[in-house]
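I opened my notebook to look up a helix and some ring pairs. Here is what I noted.

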Amino acid sequence: MIVESGTKAKKIQQYLGRDYVVEASMGHIRDLPRGAADVPAKYKGEPWARIGVDVDNQFTPLYIITPEKKGKVAELKDAVKSVDEILLATDPDREGEAIAWHLLETLKPKVPVRRMVFHEISEPAIRAAVENLRDLDHHLVDAQETRRILDRLYGYEVSPVLWKKVMPKLSAGRVQSVATRIIVQRERERMAFVPATYWDIAAQLDAGPDASPRQFPARLVAVDGVRVATGRDFGPDGKLKGTGRKDAARPLDEASARRLAEALEGRDLVVESVEAKPYTRKPYPPFMTSTLQQEAGRKLRFSADRTMRAAQRLYENGYITYLRTDSTTLSDTAIQAARTQARELYGDEYVSPQPRQYTRKVKNAQEAHEAIRPAGEVFRTPGEIAGEVEGDDFRLYELIWQRTVASQMADARGTTVSVRISGTAATGEEVTFAASGRTITFPGFLKAYVETLDEGSEGQADDAESRLPELVKGQPLTAAELTPEGHTTNPPARYTEPSLVKALEDLGIGRPSTYAAIIKTIQDRGYVWKKGQALVPSWVAFAVVGLLEHHFGRLVDYDFTAAMEDELDAIAQGTQQRTAWLSGFYFGAEHGSEDSVARSGGLKKLVGVNLEEIDAREINSVPVFDDVVVRVGRYGPYLERVRDGVSQRANLPDDLPPDELTPEVAEQLFSVPQEGRSLGVDPVTGHEIVVKEGRYGPYVTEILPDSEPAAESDGNGKKKAAKPKPRTSSLLKSMSADSVTLEDALKLLSLPRLVGVDPESGEEITAQNGRYGPYLKKGSDSRSLANEEQLFTIPLDEALELYKQPKQRGRRTAAATPPLRELGKDPVTGKQMVIKDGRFGPYVTDGETNASLRKGDEVEKITDERAAELLAERRAKAGTTKKAPARKKATTRKKAEAAS
């Protein structure tokens, strides 16, 4: 039996015993060439070798055994010689089917080969799978291969356009480019947004001493029968919507609101209407891949990648079912397990009268297996696995367990009440206040699980209650407080990872199993960076998306990309032929929708025709306001405008979100002289010393006198000396461009400072300020200094003493330096997290793992969740998983109650 991972192999070997040999392929063993070096010699001269797909021969892919897998393939080939049958037991999806096919093609076994599929790693599931073998599904293999070839054609044809017209090392992708466009489009909306201000009156009304509660909140909703405007009545342009219509709202300004509040002081109010309705809320469906990523992001603050890594470990170790699924269906045994557990933990009345089955339309039925749930015919509570699973894995299991059990519980029931209160102001206006309440009389499934709202959402949590006193029509009320309140409309919230996953799924773009990788890719490529949990596009992303929209519009069109998913699903179902579809996409065809890539002549023609028409300067110019544009240059973005016929430029800080580039901020940036601020004259050289703002921060430099440019040669074939370069030095962390003095600058320009000569080796020791902080250098040997002051003060004897000590890797003085900020405990290791200042800038540490803060992370604002995420990503990159302190065993009931 061949599976993908070593963890899975060890687990399954325990279930099957000596009659089976379980080996791991460790993922894919073959792929398209990653670069020219991977292409076999006999194909290097072929015109299609660059792409790795023979587009003129039915789009035949060139597969190679990846260099790091050659040893593994040799092991597997040796292993198959001594068996009488091979079971290909890779994952139960298209990619797993493709891996199985690659194994078959590579190993070329002479014994029978069958496909084995299971959705959880438990002994009953594995034994059942062994009894229900099938043949390889070539439709699924074709579908996966088509996606791989399609993504290669898209990336290898479109990415070079970005290299030539924007900057090198960029990439385009079928889903990543659309995801980037979604984020850029939201930032454009934020940049164009015009806030509107409106006012209303918040009231605290008194129902009398016998009421419970006696006082309750209400808000002004109408004046003289005309609805008072709220935020939703204003458009993104800051103007009132529906002006001139009969049902148009009336905006209140500050003066009107204050005058009305004064006129209502001491006036009688009366209950005009009371409307009570029963409230019912049904449980949420069990998790599928996309909803798990969304809820883990909202509730646990996990990135999509972090969620999938934890889920993969839980699956491979037999704790949950398969993690890549579009289905919310539960098997009969899973439904029974959830109902039994709900009954044991909460009582009969909390269990749904009938088993609940959640169905949804899944585009590809062949991939619609079960929802993500705890593995086994009897679910283990979080308390029961607490001694085996820790950190991220435990928290994610707890989330999955709660959601699955809650899905079979009874509805939450309660009552919602809407009240209208009327009165007359002293100035004659008829006013209406509104109040609403909700009481939950039976919590049902909410006892076990409550879904978290998206950041920026104005909704109310499902378990939130707001009680009103019992009121009847005609009941008199008094106003205990009347407070005029001003409000400002807000731009649409930036996407977070959970809300981006939801947007991609709602649009039908890509597959949920790929979302984590896509979100990671657009961050790694520099298209997107995080500010807290928000995803912020870079100016490079604006340029790339602008180019794709104007010249390859269909490739980033939401509907087209979603329709492409349907066509790829048709290949998986066997109703669409792979080669014909790829040929139409690449070379063009008469079939397809009217404005499809095929009807437009195909991708190859699209790229060829458009390439020369693309104006690089126009594409890399993003108008922001008035005459100001952001230019995306090869060395980063900058501002430019023309005033009185003269071009003005200003450096643009890397960490300034595009929507925060206001006219005021732009003026501040333009006000910084590009030629720098003069500090005075160096008394030794006579050169002017200036401080300038650079892309990487402020620095000081000297202005050299004009001299003749260096000639190519002196006539005798000898090159003349190169033109001298000015001395330059970055400011120390304790300095600023506004306050740095000539004395400071001269000290900086004196670096590197000769500390002295090592009497043993005769080598000079110098003190230098580098990119990662101050250090000593002797030949090729360096030592970190404790602080910047030592650059100018450390004597030779102390320097020699430093060199006598063993060289320490990492942040040598970190332990002695007080932290910049203390945070909470890391959920994985249970140790306190702190932020420290190191050679590479601020970083978070739990004493075991160090992770640098990223662009957009601020020392003062970083949350515990973000710090824990950075540490988790660093551990994953290093290939280590730290264990949390052992948890105390809890009883099943106690653990369940704590979880709820």
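Entry one, a helix. I looked up H7 (residues 254–264) and found Ser256, Ala257, Leu260, Ala261, Ala263 and Leu264 buried. Buried means under 20% relative accessible area, exposed over 50%, partly exposed in between (1.4 Å probe, protein chains only). These residues cover an arc of only 160° around the axis, so they sit on the same side of H7. The arc is that of the directions from the helix axis to the C-beta atoms. Helices (H or I, at least four residues) and strands (E, at least two) are DSSP runs, numbered from the N terminus. I noted that the cover over the buried residues of H7 includes strands E9 (197–206) and E10 (215–223). Gly266 follows H7 and has a positive phi, near 75°.

Source note. The model is predicted: local features need pLDDT of at least 70, side-chain atom pairs count only at pLDDT 80 or more, and totals for chains, interfaces and linings use all residues. Residues are numbered from 1 along each chain as its sequence is written, and side-chain values use heavy atoms, with hydrogens and water left out.

Entry two, rings. Rings of Phe, Tyr and Trp (its six-membered ring) pair if their centres lie within 6.5 Å; planes under 30 degrees apart count as stacked, over 60 as edge-to-face and the rest as tilted. I got 15 aromatic pairs by this rule. Tyr315 and Tyr322 have ring centres 5.2 Å apart and planes at 70°, so I logged the pair as edge-to-face. Both Tyr315 and Tyr322 are buried.

Note on methods. Contact means heavy atoms within 4.5 Å.
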